[in-house]
Protein chains: 2
Amino acid sequence: MPGIPESLEINQFLLCKTPHEWIACAKDNLDILLIDHANCEKKAASTALNLMYRYVHYPDLLLQLSKLAREELRHFEQVVSILARRNIAYEQISSARYAGELRKNVRTHEPGRLIDILIVSAIVEARSCERFEGLMHVLDAELADFYGSLLKSEARHFKVYLDFAKTINETMQGDSDTKQLESFDSRVSYFLEEDKRLIQSQDTVFRFHSGRPE
Amino acid sequence: MPGIPESLEINQFLLCKTPHEWIACAKDNLDILLIDHANCEKKAASTALNLMYRYVHYPDLLLQLSKLAREELRHFEQVVSILARRNIAYEQISSARYAGELRKNVRTHEPGRLIDILIVSAIVEARSCERFEGLMHVLDAELADFYGSLLKSEARHFKVYLDFAKTINETMQGDSDTKQLESFDSRVSYFLEEDKRLIQSQDTVFRFHSGRPE
C-alpha cells in the first residue's frame, strides 16, 4: 500500500500480511464479510464501552474511548446501510475465534489486565486496517471506497489504544524502570505472535478476522 | 416548563412530576448527581447496544439505536468534561434502584420482551428529560445551559423508543387486532405506574433517578 502512511505504519507493526487465500475467499463470501464486519464494529464499540465502565479514574481514556466508540457505531451504521442497499439479510452468525483467542492470555491482575486489553485492542484495530487495505484493491467500487475511508480512522484507533497502553504502563511502573518497560514490549510481541498464528493457521469458518481458509 | 413543547409532551405522558425534595437534594449533592448522570448516559448507550446485538433483523431499529447510542456517548463526554473542570473525581458509585426495578417485569418471551424493553427505555428517557427540566431552573448557569441542551435530544429518544415499541407491536399483532393494541396501552400504563411508584416513594440513596429522599 505505497503512498498511504497509515498502512506503512500498520504493516511495520504487524508480523505478517493477510494470506492471499483469505482475500480470495472474502470476494466469494461478500455477504458473510459484510455481516461479520457489522458485528465487528458493534463489538469494537462494546469493548470501548466495557472499558469505560471499569476504568472511570482515567478521564482522558474515557473521553478517547467514548469518541472511538462513536466512530465504530458510525461505521456500523454505514455497513448496515450497505447490507440494506444490497438486500443482504442481517442474520445472526457466530464470531471468529480470533478476538477470543487473543484475549485468552490477558493478565488477570491490574494494571496488567488493562494494559493487555489495550494492546489486544490495538492489534485488532491494526489487523482490521490491514484487511481493509487488502480488500480495497479487489472489491467493487462502492466497497473499495468504503474500506478506503475506514483505513484512516481504524489506524487512528490503533494508535489511541497503543499509546494509552504505553502511558498507563509508564505511569504505573515509573519511567526509569527499564525492566518493566521491556516487559511491556514483550507483552506487545507476545500478542503480535498470537495474531500471526491466528491469521496464518487454518480456520474452519470464514469471518472478517478468520485465519487461512480450509 | 411552558414554552418548551418537548416538555409539555413528556409531562402529559408521565403520571407525576419529580418531588420538590428530590430537586433540593440534587442541589446539595451535585457531585453525586453529575457522576450518576455520567453513568446513566453510559448505561443508555449500553442498553441501545445490547438491543443492537439481539435484534439484528430490524435495520431501521438498528440505525436509530446506533445513532441514539452515539448521542448518549456525546452527552457522556460532556459530563466527564464538566466533572474534570470542577475537579470532581469520577468515583464508582452504585446504581439507583429505578431502572432495575422497572425492568423486573419485562416479559420474557418475544415479541413482548422487545416491546417492554422499548417501553421501559422510553419511560427512562422521559423521566430523564423531566428531571433535566426541573434541574435547569435551580442549578448554576453552566449546568442550566447543559441540561437545557439535553432536553431536546432526550425527548427525541423517548419518541424513538415509544414509536418503535408501537410499530413492532402493530407489525406483530396486525393492525386490526384491537385486543392486542389495548394490551400495548396497558403495558405502557403498567410501566408508567411503576415509574410513578419509584419516583414518589422513599429511597435510601440519592441518584439521578432516585425516589423521594429520606
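Buried area is the accessible area (1.4 Å probe) that two parts lose on being put together, summed over both. The model is predicted: local features need pLDDT of at least 70, side-chain atom pairs count only at pLDDT 80 or more, and totals for chains, interfaces and linings use all residues. Residues are numbered from 1 along each chain as its sequence is written, and side-chain values use heavy atoms, leaving out hydrogens and water.

**View 1. Interface of chain A and chain B.** About 2500 Å² is buried between the two chains, and carbon and sulfur atoms give 64% of this area. Chain A and chain B each bring 26 residues to the contact (heavy atoms within 4.5 Å).

**View 2. Salt bridge between A:Arg70 and B:Glu77.** The closest N and O atoms of this pair are 2.8 Å apart. Two salt bridges are found across the interface (a side-chain nitrogen of Lys or Arg within 4 Å of a carboxyl oxygen of Asp or Glu).

**View 3. Aromatic pair of A:Phe132 and A:Tyr147.** The rings are stacked, at 5.1 Å centre to centre and 20 degrees between the planes. Rings of Phe, Tyr and Trp (its six-membered ring) pair if their centres lie within 6.5 Å; planes under 30 degrees apart count as stacked, over 60 as edge-to-face and the rest as tilted. Both A:Phe132 and A:Tyr147 are buried (under 20% relative accessible area, 1.4 Å probe, protein chains only).

**View 4. Aromatic pair of B:Phe13 and B:Phe158.** This pair is tilted, with 4.7 Å centre to centre and 50 degrees between the planes. B:Phe13 counts as buried because its relative accessibility is 14%; B:Phe158 counts as buried at 3%.

Technical notes. Chains are lettered from A and ligands numbered from 1 in the order in which they are written. Buried means under 20% relative accessible area, exposed over 50%, partly exposed in between (1.4 Å probe, protein chains only).
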